[in-house]
Amino acid sequence: MARHLIFLLGDQLTRGLSALRGFDPARDVVLMAEVAEEGTYVPHHKQKIAFLLSAMRHFAAELRAEGLTVDYIALDDPANTQSFDTELDRAIARHAPERVVMTEPGEWRVWEKMRLWSTRIPLEIREDDRFFCSRGEFAALDRARKASRMEFFYREMRRRTGILMQGGEPVGGQWNFDPENRKPLPKGMRPPKRLRFAPDAITQDVIRLVQSRFSDHFGDLEPFGWAVTRADALRALEHFLTDCLPSFGDYQDAMQRGEDFLFHGLISPYLNCGLLTAHEVCAAAEAELHAGRAPINAVEGFVRQILGWREYVRGVYWVGMPGYAQTNPLNAKRPLPAFYWTGDTPMRCVSECVGTTRRHAYAHHIQRLMVTGNYALLAGIDPAQVAEWYLAVYADAFEWVELPNVHGMVLHADGGRMGSKPYAASGAYINRMSDYCRTCTFDPKIKLGKGACPFNYLYWDFLIRNQATLARNPRMGMPYKTLAAMPQSQRDAIRAEAAAFLGD
Ligand code: FAD
Ligand code: DLZ
Ligand code: SF4
């Protein structure tokens, strides 16, 4: 008979996790379960499943090496019932614990399961204090209207944590260095070769397992180069800090064919499954600034993503769920095009971003936002289908972080909670920030007719279609002024060309 059964989920691979505190090796047992249900509730990218299962196995091995008892259920264990509900039941029958201890989960879906479990077993749910801002603190800030916009929230977090602060003022004299962070990659500049990790025997086993069980899922399984242990994730962080952080700010928004990673961190899968913590990553970046090894625009830009955006989207998710996922004010209902899975489209930018996603279960922020996201917004694709795609295809995707980015930031389907205006853009933006257009069959400078970039007429079609909702938005004044000056014949031509392209 055990005292505590500590049920650890696949995104809770942190030694300091609240559920592991006070662990008594003589009386407590850790439960970890690989279950098909978690791999298939959306069809996750094969590399994402392999990454998580391998990281779980390595974490379990480290706990055991420390002397903790870990009851680990492998996916191919013949007795595995393949769901959290039934695996927890079986483990309770094996260990007869006085209570089950867990850290709050990342996703509403699992939170609902846990609330059900707590009606039939003694279940202690501890706060997930790997975040700077707890769910309760965010809700309080929201009530006090200090979280209505990310920028207010971020400044409040800087003040509360003292990160990048000096004498109550922001280091460098500004809160935000964004205007310096919008450079395309200069011709001939080669980003550093990225540190990837060769699969060890455990990862190779998992790769074989994923190949046999999830072969119909999207994405390349190999080459597999993600870190699956904390030690390697720390190496990946160190490599980013030394080789990439100094240029991170300048080229944060750039996109380049053949350069899948540029100067980005490649750390979101590690942060989100717990191999790295947000606190240590922000502290390490700040130390680079103080040591004079990275400039303020890079360090502030990077810290804002984690202390600002990452914390903000989590807060928005938990304050808004479950209703947050249901809204659709722009009435978008087109099905997700097949090319999101195949990359088979003459739009070079889209095929490049889907290709990166297929190869690595990764694409950087601007690819997700301004290419695949922008297309989904302009074409009016059903928000639920878009959200499911993003949740499936990225190794870092868990609903708490994916949904506000997709439903809110990209699709404006939350009515403006995440962003005061939609990030709609024509081909000119993609052309400025990337080299994709150079090898595209379309021309970003042609607005309509033969060779016109679809993003150009889809952009205006989007504004015309949603005029009743968006024209009221003061931040949309400029484009709607331009639209008002457009002859009706041009509007009609835009609508007709968009309809023909979208197959209406
Ligand atoms: P870097 O560019 O190096 O940034 C550093 C870190 O900042 C990231 O690791 C991440 O932890 C954090 N970060 C940056 N932007 C955001 C953001 N908008 N929201 C939350 N954290 C952020 N990020 C996820 O972790 N999971 C997702 O499922 C996810 N889905 C997204 C969907 C869309 C449509 C968009 C536009 C963005 C999404 N993001 C998501 C945010 C961002 O694209 C990724 O965090 C980033 O690309 C991860 O790569 P990186 O580690 O190289 O990031
Ligand atoms: C994403 C994922 C996958 C693919 N598989 C598992 C698994 O087999 N076992 C597990 O504990 N967790 C897995 N996860 C992560 C969970 O989906 C995640 O922990 C919950 O959704 C809570 O955020
Ligand atoms: Fe994309 Fe248009 Fe440029 Fe082609 S021309 S790559 S479709 S933005």
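The side chain of His 217 reaches out to the backbone oxygen of His 44, at 2.7 Å. That makes a polar contact, a pair of N or O atoms within 3.5 Å where, within protein, one must be able to donate a hydrogen and the other to accept it, and residues adjacent in sequence count only if both atoms are side-chain atoms. This is a predicted model, in which local features need pLDDT of at least 70 and side-chain atom pairs count only at pLDDT 80 or more, while totals for chains, interfaces and linings use all residues. Residues are numbered from 1 along each chain as its sequence is written, ligands are numbered from 1 in the order in which they are written, and side-chain values use heavy atoms, without hydrogens and water.

To find His 217, look in the loop between α7 (201–213) and α8 (230–243); helices here are DSSP runs of H or I with at least four residues, numbered from the N terminus. His 217 counts as buried because its relative accessibility is 9%, and buried means under 20% (1.4 Å probe, protein chains only).

Now let us turn to ligand 2. Among its polar contacts, an oxygen atom of ligand 2 lies 2.6 Å from a polar side-chain atom of Asp 11, and a polar side-chain atom of Glu 38 lies 2.5 Å from an oxygen atom of the ligand. Taken alone, ligand 2 exposes 490 Å², and the protein buries 99% of that (areas by the Shrake-Rupley method with a 1.4 Å probe). Helix α2 gives the largest share of the shell around ligand 2, three residues.

Key:
Helix = DSSP H or I, 4+ residues; strand = E, 2+ residues; numbered from the N terminus. Buried < 20%, exposed > 50% of the residue type's maximum accessible area, 1.4 Å probe, protein only.
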